[in-house]
Amino acid sequence: MILNETYPLSDGRQIPKLGLGTWSIDDDKAAEAVRNAVALGYRLIDTAQAYGNERGVGEGVRTCGLPRESLFVASKVAAEHKTYEAAAHSIDETLEKMGLDYLDQMIIHSPQPWTEFRLEKRCFEENKAVWRALEDAQSAGKVRTIGVSNFLRDDLESLLSDCRVKPAVDQILLHITNTDLPLVEFCKANGILVEAYSPIAHGEALKNDAIADMAGKYGVSAAQLCIRYAIQLGAVALPKTADPAHMKNDAAVDFVISDADMEVLTHMERIKSYGDFDVFPVFSGKPLA
Ligand SMILES: NC(=O)c1ccc[n+]([C@@H]2O[C@H](COP(=O)([O-])OP(=O)(O)OC[C@H]3O[C@@H](n4cnc5c(N)ncnc54)[C@H](OP(=O)(O)O)[C@@H]3O)[C@@H](O)[C@H]2O)c1
């Protein structure tokens with residue numbers, strides 16, 4: 001069962017192959033979503049300072065009935081924190097908000113503040129300062145695995161050139177029709193595990209006829225095909241839902257997509273619009289590389 005499977009990380013830890021995404025789950029609904037997910041066997045929960053639900057996610061972790069060490073709790077340093085001090089302070093705030101002694105994973109949410117996402121001005125030096133705050137938080141036992149999100153190859157190269165600890169993960173937009181294979185390969189070659197965010201294209205994959213046809217061929221739902229696709233690429237899949245029936249469906253992915261169909265899915269015509277969510281920088285259509 002996929003919920004029991006893990007990937008090894010470069011820091012020697014293990015991370016579940018499937019986790020619960022919590023973006024857009026309200027703070028007052030997050031604890032119940034986490035408890036429901038844990039009851040179904042989920043062990044990885046992904047939140048972020050920017051989601052406004054760290055308090056609720058933390059409550060869910062503390063009240064789910066399992067020992068803290070059996071869960072993998074992940075959050076993200078907000079994209080706007082681009083100094084050592086701001087990042088370090090925000091990690092302490094996250095722990096306090098969540099009511100936890102440590103996080104299993106903390107990552108830099110974005111290489112640039114959202115207002116500058118994928119614009120010309122890069123933040124290579126700023127990210128090195130933020131990274132040192134993450135390294136120090138790791139040394140202090142506040143966080144275990146450290147990594148990044150939305151980093152492109154040159155963002156990673158800059159960090160790799162000047163770090164005590166290599167980033168263990170890069171959490172990136174990855175779904176059927178939108179897969180940056182060169183970046184995935186670069187991560188693989190450098191021992192960085194890819195985490196697939198928005199694996200269902202923020203819901204848009206559920207409206208796509210070609211994906212529906214392929215899901216029909218395997219007798220699975222479109223959501224299941226999307227999750228299996230990310231996992232077969234060697235990535236962690238982080239679907240979001242607060243609906244226990246969907247959580248259950250998302251975790252029933254013990255089927256295998258053929259190599260030929262993986263090729264078809266990777267190169268299928270790209271989902272171009274995320275509807276109302278196109279306004280979010282991550283879905284703005286700016287090229288990944
Ligand atoms: N690092 C970053 O910059 C970044 C950016 C975006 C997202 N993320 C992470 O990735 C997670 C997932 O991405 P996302 O929130 O954009 O969306 P997603 O997981 O790609 O898609 C979520 C949509 O799929 C639906 N869904 C899920 N399972 C389903 C099922 N079995 N059957 C039918 N519908 C199903 C959900 O509906 P219901 O809610 O009705 O179940 C929701 O509408 C986020 O929550 C967050 O943790 C990270």
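Biologist: How many nonpolar, polar and charged residues does the shell around the ligand have?

Modeller: This is a predicted model, in which local features need pLDDT of at least 70 and side-chain atom pairs count only at pLDDT 80 or more, while totals for chains, interfaces and linings use all residues. Residues are numbered from 1 along each chain as its sequence is written, and side-chain values use heavy atoms, with hydrogens and water left out. Ala, Val, Leu, Ile, Met, Phe, Trp, Tyr, Cys and Pro count as nonpolar, Asp, Glu, Lys and Arg as charged, and the others, Gly among them, as polar. By these classes, the shell has 13 nonpolar, 12 polar and 4 charged residues.

Biologist: Which residues come nearest to the ligand?

Modeller: A residue is near if one of its heavy atoms lies within 4 Å of the molecule. Of the 29 residues around the ligand, those that come nearest are Asp46, His202, Lys240, Thr241 and His246.

Biologist: What is the distance from the polar side-chain atom of lysine 240 to an oxygen atom of the ligand?

Modeller: A polar contact here is a pair of N or O atoms within 3.5 Å. For lysine 240, the distance to the ligand oxygen is 2.7 Å.

Biologist: Which residue has a backbone N or O atom 2.8 Å from an oxygen atom of the ligand?

Modeller: Glutamine 171 has a side-chain N or O atom 3.0 Å from a ligand nitrogen. The backbone atom at 2.8 Å from a ligand oxygen, by contrast, belongs to isoleucine 200.

Terms used:
A polar contact is a pair of N or O atoms within 3.5 Å; within protein, one must be able to donate a hydrogen and the other to accept it, and residues adjacent in sequence count only if both atoms are side-chain atoms.
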